[in-house]
Amino acid sequence: MFTRKLSKQAKLMMLFVFVPLYFFCGSIIATALIKFCVIQFSLVIDETTAVAYLNLILDSIYAIIILCIFKDSLKEQFQDFLKDKKENLLYGCVIGFVMLFAAGIIGGLISMSFGAQSDSQNQILIENLAIAHPIIIVITSVILAPIVEELLFRSTLFGWLYEVHPIVAHFGSAFLFGFVHVMDAILSGNYQEWTQIFAYFLMGGVLSFIYEKRNNIYVPILSHMMNNLISILLVLFG
């Protein structure tokens, strides 16, 4: 039975602090920091390196803020996680990963049926960054991003919408999770990238299902981490 609810304080902090930063202000702040460092220390930096460090700065800022917002809930859920550690690890590291892998394949096939390329612009960017800066991409994609995205899309959005209706929570959180992963390409004018949303949408649905099933945010975080880790390893060594 799903029982996780957001406190009023967490709702306000997410709505007025984290969400505006995540969707609107984050890239501006991080870009300014990169430019400051380049000018201040007379650095010569290529675009790929700049993007890698930009993502690292952004995800670090996001992680610090969102962990502060959810620190009490995370402590409580960690204790609950340990009470059923074996089952939670099984779901997080094995069952969840297999479901995410299947969702990615099915979603990719649906996207290709609409004429999409095999990889989204987001995936191509991650692959390029992984090859150029493997350590940074492991930190951002395998550690920071799963924590930030699960606390945003599952703990916050799914939990909030669940108070309206479970179906609304599953669909709404999965759709926004998918949209965020194609948003930059669409906003830059590549409207064909809409066809890439299916894989991310289905994966978001899997993660919300796991969260509801286990009633613990650490389980989808683990599944998300495992999925991203295997993806990076396949790029580097596949």
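Predicted model: local features only at pLDDT ≥ 70, side-chain atom pairs only at ≥ 80, totals over all residues.
Local features need pLDDT of at least 70, side-chain atom pairs count only at pLDDT 80 or more, and totals for chains, interfaces and linings use all residues. Residues are numbered from 1 along each chain as its sequence is written, and side-chain values use heavy atoms, without hydrogens and water.

Start with the largest nonpolar core, which has 40 residues. Such a core is a set of buried Ala, Val, Leu, Ile, Met, Phe, Trp, Tyr and Cys residues joined through side-chain atoms within 4.5 Å. Buried means under 20% relative accessible area, exposed over 50%, partly exposed in between (1.4 Å probe, protein chains only). Phe-18, Tyr-22, Ile-66 and Phe-70 have the most contacts inside this core. Its largest share, eight residues, comes from H6. Helices are DSSP runs (H or I, at least four residues), numbered from the N terminus. Beyond four places in sequence, Ile-66 is in contact (heavy atoms within 4.5 Å) with Met-14, Phe-18, Val-148, Leu-151 and Leu-152.

Turn to the salt bridges, six in the structure. Each is a side-chain nitrogen of Lys or Arg within 4 Å of a carboxyl oxygen of Asp or Glu. Asp-80 meets Arg-4 at 2.8 Å, N to O. This pair links helix H3 to the segment before H1, 76 residues apart. Asp-80 is partly exposed at 25%, while Arg-4 is buried at 12%.

Within helix H6, Arg-154 and Glu-150 lie four residues apart, about one turn. Their salt bridge spans 2.7 Å, N to O. Arg-154 is buried at 0% relative accessibility, and Glu-150 is buried at 0%.

Methods:
Helix = DSSP H or I, 4+ residues; strand = E, 2+ residues; numbered from the N terminus.
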